[in-house]
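Keep the viewer open while you read.

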Amino acid sequence: MKKIVIILCTLDVILTVLSVMLYLDEDRTAPVIHMEEAETEYRDGMTDEELLEGITATDETDGDVTGSLVVEKVSEVGDGTVIVTFGARDRSNNVVKGSRVMGE
């Protein structure tokens with residue numbers, strides 16, 4: 001009986017160590033969005049490609065993740081100002097959001 005307890009305790013320690021190692025090895029850092037400093041003007045009917053022009057995304061682990069960029073929302077806030085909200089993700093599904101203020 002004593003041997004069984006020792007074996008189970010040893011297995012428990014081994015599994016705990018493996019779990020901690022796997023947890024610490026995961027990518028938990030979101031990508032970073034980069035925007036060109038440019039005056040951009042909003043027009044009704046702009047495509048996502050046009051709205052994302054000059055925007056890229058990179059990730060510490062995955063490198064260039066610009067292909068994952070999506071336009072999430074276009075909000076008109078009045079006086080000719082529009083806020084475009086977009087997001088990007090990496091292979092570990094870490095997500096980053098950003099926004100760009102555009103004039104009409």
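## A lysine to start with

At 55% relative accessibility, lysine 97 is exposed (buried means under 20% relative accessible area, exposed over 50%, and partly exposed in between, with a 1.4 Å probe and protein chains only). The side chain of lysine 97 meets that of glutamate 72 in a salt bridge, 3.3 Å from N to O. Because lysine 97 lies in strand 6 and glutamate 72 in strand 4 (residues 70-78), the pair ties together parts that are 25 residues apart in sequence. Glutamate 72 is partly exposed, at 41% relative accessibility.

## What kind of model this is

This is a predicted model, in which local features need pLDDT of at least 70, side-chain atom pairs count only at pLDDT 80 or more, and totals for chains, interfaces and linings use all residues. Residues are numbered from 1 along each chain as its sequence is written, and side-chain values use heavy atoms, with hydrogens and water left out.

The chain has a mean pLDDT of 88, and 95% of its residues reach 70 or more (pLDDT is the predictor's confidence in each residue, from 0 to 100). Confidence is lowest in helix 1 (residues 2-25), with a mean of 78, and highest in strand 2, at 96. Helices (H or I, at least four residues) and strands (E, at least two) are DSSP runs, numbered from the N terminus.

## The other salt bridges

How many salt bridges does a search of the whole structure find? There are three, each defined as a side-chain nitrogen of Lys or Arg within 4 Å of a carboxyl oxygen of Asp or Glu. One of them joins aspartate 62 and arginine 91, whose closest N and O atoms are 3.1 Å apart. Aspartate 62 sits in the loop between strand 2 and strand 3 (63-64) and arginine 91 in the loop between strand 5 and strand 6, so this pair links parts 29 residues apart in sequence. Aspartate 62 is buried, at 18% relative accessible area, whereas arginine 91 is exposed, at 69%.

Glutamate 50 and arginine 43 also meet through their side chains, at 3.1 Å from N to O. Glutamate 50 is partly exposed at 31%, and arginine 43 is partly exposed at 44%.

Three strands form an open, antiparallel sheet in the order 4-5-6; two strands pair if DSSP finds at least two bridges between them. Strand 4 and strand 6 stand at the edges with a single partner strand each, so one side of each has no neighbour in the sheet. On average, neighbouring strands here are turned by 20 degrees against each other, direction ignored (axes are lines fitted to C-alpha atoms, for helices over the stretch in contact, and angles run from 0 to 180 degrees between N-to-C directions).

Seven bridges join strand 4 to strand 5, and nine link strand 5 with strand 6. Phenylalanine 86 stands opposite glycine 98 in strand 6. The hairpin of strand 5 and strand 6 has five residues between the strands, and asparagine 93 takes a positive phi near 65 degrees there.

## The nonpolar core

The largest nonpolar core has 16 residues, and those with the most contacts inside it are Ile33, Leu51, Leu69, Val84 and Phe86. Such a core is a set of buried Ala, Val, Leu, Ile, Met, Phe, Trp, Tyr and Cys residues joined through side-chain atoms within 4.5 Å. Strand 5 (81-89) gives the largest share, four residues.
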